[in-house]
Amino acid sequence: KPRPAIPSDPVAEARKYLYGKGAPQDCDRGMRLLKPAANAGNSKAMVEMGALYSAGLCTPRDLPTAYRWFAQALHKDPENQSVQADLQKLWGEMTQPERQLAIKLSQ
């Protein structure tokens with residue numbers, strides 16, 4: 001039985017479902033495309049995961065988890081200015097306990 005083709009750009013494909021642009025919004029389907037890409041080390045997917053958690057879109061809003069995804073993306077792509085900016089902005093929005101958790105998650 002043929003397996004469904006993996007889209008050449010899982011992040012772009014996932015975004016269609018996550019944001020309902022170019023396809024009906026379907027959070028489950030979007031996350032099924034995005035999460036494996038992020039876990040496999042796709043830095044664009046990691047940034048997207050961070051954005052979803054920081055906005056609370058298709059996931060519960062969770063700033064420490066968002067921070068962890070952005071930190072992983074930055075680790076993969078240290079020159080990425082926009083991820084650095086996202087991390088700094090997020091850090092400024094977090095409470096002290098959230099910051100402690102973010103550091104723990106990012107180790």
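Accessible areas here come from the Shrake-Rupley method with a 1.4 Å probe; for residues, only the protein chains shown count as cover. With that in hand, show the surface of the whole protein. It exposes about 6,600 Å². Carbon and sulfur atoms supply 51% of that area.

Before you go on, two notes on the model. It is predicted: local features need pLDDT of at least 70, and side-chain atom pairs count only at pLDDT 80 or more, while totals for chains, interfaces and linings use all residues. Residues are numbered from 1 along each chain as its sequence is written, and side-chain values use heavy atoms, with hydrogens and water left out.

**Stop 1: the whole chain**

Switch to the cartoon view. You will find six helices and zero strands. From the N terminus on, the order is α-α-α-α-α-α. Helices (H or I, at least four residues) and strands (E, at least two) are DSSP runs, numbered from the N terminus.

Now look at the overall dimensions. Along the principal axes, the C-alpha atoms fill a box of roughly 50 × 25 × 25 Å.

Colour by burial next. Buried residues make up 35% of the 107 residues. Buried means under 20% relative accessible area, exposed over 50%, and partly exposed in between (1.4 Å probe, protein chains only).

**Stop 2: a buried valine**

Select Val83 in helix 5 (residues 81–93). Val83 counts as buried, at 2% relative accessibility. Which residues does Val83 touch, not counting residues up to four places away in sequence? Select Val47, Phe70, Ala73 and Leu74 to see them. A contact means heavy atoms within 4.5 Å. Across the protein, residues 24 or more positions apart account for 42% of the contacts with a separation of 6 or more.

Val83 and Ile103 are 20 residues apart along the chain, and their C-alpha atoms are separated by 16 Å.

**Stop 3: the charges**

Show the charged side chains: 15 are positive and 11 are negative. Lys and Arg count as positive, Asp and Glu as negative; His and the chain ends are not counted. The centres of the two sets lie 5 Å apart. Each charge is placed at NZ of Lys, CZ of Arg, CG of Asp or CD of Glu.

A salt bridge is a side-chain nitrogen of Lys or Arg within 4 Å of a carboxyl oxygen of Asp or Glu. By this rule, there are five salt bridges.

**Stop 4: salt bridges one by one**

- Select Asp9 and Lys44. Their closest N and O atoms are 3.4 Å apart. The pair links distant parts of the chain, 35 residues apart: Asp9 sits in the segment before helix 1 (10–19), and Lys44 in helix 3 (residues 43–55).
- Select Glu13 and Lys16. Their closest N and O atoms are 3.3 Å apart. Both lie in helix 1, three residues apart, about one turn of the helix.
- Select Arg15 and Glu48. They meet at 2.6 Å, N to O. This pair joins helix 1 to helix 3 across 33 residues. Is Glu48 buried or exposed? Glu48 is buried, at 5% relative accessibility, whereas Arg15 is partly exposed, at 36%.
- Finish with Arg61, Lys89 and Glu93. They are linked in a network of salt bridges.
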